[in-house]
Amino acid sequence: MSDAVLLDTKDGIALVTLNRPEKLNALNYELIDRLMALLDIIEVASEVRGIILTGAGDRAFSAGADISEFSASLRRGTNTAIRDFVRRGQAMTARLEAFRKPVIAAVNGIAFGGGCEITEAVHLAIASDKARFAKPEINLGMPPTFGGTQRLPRLAGRKRALELLLTGEPFPPARALEIGLVNSVVPHDELLPAARELAGRIMRHSPLAVGSIITAVTRGLNMGIAEGLLVESEQFAAMVPTRDLAEGLETWAARPR
């Protein structure tokens, strides 16, 4: 079994660690495939209520795609590069974005290229004060391919996203916070405790309600408001017959007045 991604489950939280520190946790095909397989396992693990995604070592969350491997696919032609690289990376970020359990990125260092795209895709993100972000694909003569041209403008706004995409210049965690790429910035030594604390604040609520909110927001962002409201209604309807909603209403009714 591959150790390119590690999984450690404790107190209902799955800690998922990108584990190629000698390569700055670059996203090679083995790593992406292993991450996708672990997400399949986590999805059906009832004891897991939240996911923290981070990188091994102190230098990088992920420096992005493994360029040597991508280059080998590119030499075999456009169709091979799209199949092996683009579709694989887009499937990974789409899976993270649509996952029904909350995924929190704990960005512990460099988050360039594909590492930044993972941060864009997950539901929540906390950055170490040592983190560094960049959209450097333009330096290779190409656009981002794991969803960066689509998700970053939705997070940051068109003009701010284009500045980052068209210059390729690195930016600090304070800038990531300003544009909505991360939720907070914390001292490096407090990163994982902060991520666990945030996960705990979510996990005290109904997992079905958490999942329904994630689905409504994720699907609705790509729709007009009228279509999005239908998705919201569908997610509510799915909750009506559940014990989670009944218990929530019972607790509300029994609260001190």
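Reply: A definition is needed before starting: buried means under 20% relative accessible area, exposed means over 50%, and partly exposed lies in between. The model is a predicted one.

Me: How many residues of strand β3 (residues 50–55) are buried?

Reply: One side of β3 carries G50, I52 and T54, and the other carries I51, L53 and G55. These residues are all buried, and both faces of the strand are covered. The strand is therefore mostly covered under the cut-off of under 20%. The number of buried residues is six of six.

Me: Why is strand β5 (residues 103–107) described as largely enclosed by the rest of the structure?

Reply: In a regular strand the side chains alternate between the two faces of the sheet. In β5, V103, A105 and V107 point one way, while I104 and A106 point the other way, and all are buried. The strand is largely enclosed because the number of its residues that are buried is five of five.

Me: What is the order of the strands in the open sheet?

Reply: The sheet is open, has six strands and shows mixed pairing. Its edge strands, each pairing on one side only, are β1 (5–10) and β9 (184–186). Neighbouring strands are turned against each other by 20 degrees on average, direction ignored. The order is β1-β2-β3-β5-β7-β9.

Me: In which sense do β1 and strand β2 (residues 13–18) pair?

Reply: Six bridges connect β1 with β2. Within this pairing, T9 has A14 in β2 as its bridge partner. The sense of the pairing is antiparallel.

Me: Which residue of β3 stands opposite V16?

Reply: β2 and β3 are paired through six bridges, in the parallel sense. L53 is also one of the buried residues of β3. The residue opposite V16 is L53.

Me: How many bridges join β3 to β5?

Reply: β3 and β5 run parallel. Across this pair, I51 stands opposite V103 of β5, and both I51 and V103 are buried. The number of bridges is three.

Me: What is the bridge partner of I104 in β7?

Reply: β5 is joined to strand β7 (residues 124–128) by four bridges, and the two run parallel. I104 is buried in β5. Its partner in β7 is L124.

Me: Is D11 buried or exposed?

Reply: D11 is located in the loop between β1 and β2. Its phi is near 55 degrees, a positive value in a residue other than glycine. The relative accessibility is 64%, and the cut-off is over 50%, so D11 counts as exposed.

Me: Is L24 buried or exposed?

Reply: L24 sits in the loop between β2 and α1 (29–43). L24 is not a glycine, yet its phi is positive, at about 55 degrees. Its relative accessible area is 18%, and the cut-off is under 20%, so L24 is buried.

Me: Which residues make up the nonpolar surface patch of about 250 Å²?

Reply: One member, L166, belongs to helix α6 (residues 158–167). L166 has a relative accessible area of 56%, so it is exposed. The patch is made by I138, L162 and L166.

Me: Which residues does R175 touch, not counting those up to four places away in sequence?

Reply: R175 is part of helix α7 (residues 173–178). With a relative accessible area of 19%, R175 is buried. Its contacts are R160 and E163.

Me: How far apart in space are T80 and G228, C-alpha to C-alpha?

Reply: T80 lies in helix α3 (residues 78–98) and is buried, at 11% relative accessible area. Leaving aside neighbours within four places in sequence, T80 is in contact with S73 and F85. T80 and G228 are 148 residues apart in sequence, and their C-alpha distance is 36 Å.

Me: What is the C-alpha to C-alpha distance between L249 and L208?

Reply: L249 is placed in helix α11 (residues 243–253). Its relative accessible area is 52%, which makes L249 exposed. L249 and L208 are 41 residues apart in sequence, and their distance in space is 15 Å.

Terms used: Residues numbered from 1 in each chain as written. Predicted model: local features only at pLDDT ≥ 70, side-chain atom pairs only at ≥ 80, totals over all residues. Heavy atoms only, no water. Pairing = 2+ DSSP bridges. Axes fitted to C-alpha atoms, helices over the stretch in contact; angles between N-to-C directions. Buried < 20%, exposed > 50% of the residue type's maximum accessible area, 1.4 Å probe, protein only. Contact = heavy atoms within 4.5 Å. Patch = residues over 30% accessible without salt bridge, like charges linked within 9 Å, V, L, I, M, F, W, Y side chains within 5 Å. Areas by Shrake-Rupley, 256 points an atom, 1.4 Å probe, with all protein chains shown as cover. Salt bridge = Lys/Arg side-chain N within 4 Å of Asp/Glu carboxyl O.
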